[in-house]
Amino acid sequence: MTDSLSWKRQIFVSVIKRYIVVITLLSILFGGLVSFGYYKVSGTKYNAESQLVQNDNNYNLIGSYNQFLSSSRFKSNLKSKINTSTWKNYSKKDNYDIALETGTNSPFFDIKVTSSNSGYSVFLANTATKIIIQNMGQYLTGANIGLVSQAKHATINNILNRLIKFGGLGFIVAFVLFFCVAIICRLFVGTISDTTFTQESFRIKNLGTLDISKKNQN
């Protein structure tokens with residue numbers, strides 16, 4: 001059992017010595033391709049934000065406002081506003097994200113909208129804000145919301161963190177895959193590569209070399 005573990009460890013070490021640089025470079029390349037592919041698929045996103053306030057400082061209620069954003073009442077109301085606006089024929093009118101962002105122990109909170117069109121993000125942020133102000137009191141007792149500022153312009157969404165995340169995941173997957181392929185090739189594919197192969201892979205001492213061509217001539 002000890003010998004078995006020893007030669008397996010030896011193969012592992014030999015693969016690292018011979019192929020680690022190539023495996024690392026290929027994995028970096030693959031991770032970069034994954035990040036680039038994600039960027040091309042996701043495209044440029046734009047964020048627009050409006051700010052509201054819980055007027056009576058009862059900011060413990062703000063955490064419950066997310067329930068309204070996910071309710072069918074809010075979604076149907078927003079959809080109706082979209083379909084009666086100048087954006088009704090926009091091909092990507094259903095592709096957006098709305099989130100409520102809060103601070104710690106603060107009565108202020110933001111409505112953040114992300115979409116692939118800057119103008120559409122601004123429209124959605126302001127429309128969602130109006131719906132929340134008009135309907136939240138009916139949905140949740142004690143809600144007393146006021147408008148602080150409307151969304152006036154959109155900013156490009158920073159996707160650097162997601163690119164790093166997907167690129168890193170691609171690197172890890174590629175590294176493990178290439179390393180396993182290198183071990184399999186080292187053991188089962190091809191021929192003995194050089195005079196040190198058996199010693200490096202199986203710890204069989206190299207006693208010398210034999211020139212087969214000269215022996216056959218004799």
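Is E101 buried, exposed or partly exposed? E101 is partly exposed, at a relative accessible area of 33%. Here buried means under 20% relative accessible area, exposed over 50%, and partly exposed in between (1.4 Å probe, protein chains only).

1. Basis. This is a predicted model, where local features need pLDDT of at least 70, side-chain atom pairs count only at pLDDT 80 or more, and totals for chains, interfaces and linings use all residues. Residues are numbered from 1 along each chain as its sequence is written, and side-chain values use heavy atoms, with hydrogens and water left out.

2. Overall layout. The chain has seven helices and five strands. Helices (H or I, at least four residues) and strands (E, at least two) are DSSP runs, numbered from the N terminus. Their order from that end is α-β-α-α-β-β-α-β-β-α-α-α. The chain has 218 residues, and 30% of them count as buried. Take the contacts between residues at least 6 apart in sequence: 79% join residues at least 24 apart. Contact means heavy atoms within 4.5 Å.

3. Salt bridge. A search of the whole structure finds one. The criterion is a side-chain nitrogen of Lys or Arg within 4 Å of a carboxyl oxygen of Asp or Glu. The partners are K112 and E101, with their closest N and O atoms 3.7 Å apart. K112 sits in strand β3 and E101 in strand β2, so the pair ties together parts that are 11 residues apart in sequence.

4. The general rule: an α-helix has 3.6 residues a turn, so residues three or four places apart point the same way.

5. Nonpolar core. The largest core has 27 residues, and Y65, F74, F109 and I132 touch the most other members. A core is a set of buried Ala, Val, Leu, Ile, Met, Phe, Trp, Tyr and Cys residues joined through side-chain atoms within 4.5 Å. At least two residues of this core come from each of β1, α2, α3, β3 and α4. With nine residues, α4 gives the most to this core. Beyond its neighbours within four places in sequence, F74 is in contact with F68, L69, I98, A128, I131 and I132.

6. Q54. This residue lies in strand β1 (residues 46–54). Q54 counts as buried because its relative accessibility is 0%. Its side chain makes a polar contact of 2.3 Å with that of Y65. A polar contact is a pair of N or O atoms within 3.5 Å; within protein, one must be able to donate a hydrogen and the other to accept it, and residues adjacent in sequence count only if both atoms are side-chain atoms.

7. S116. This one is in the loop between β3 (108–115) and α4 (118–139). S116 is partly exposed, at 23% relative accessible area. A polar contact of 3.4 Å joins its side chain to that of Y90. S116 and T44 are 72 residues apart in sequence, yet 6.1 Å apart in space, C-alpha to C-alpha.
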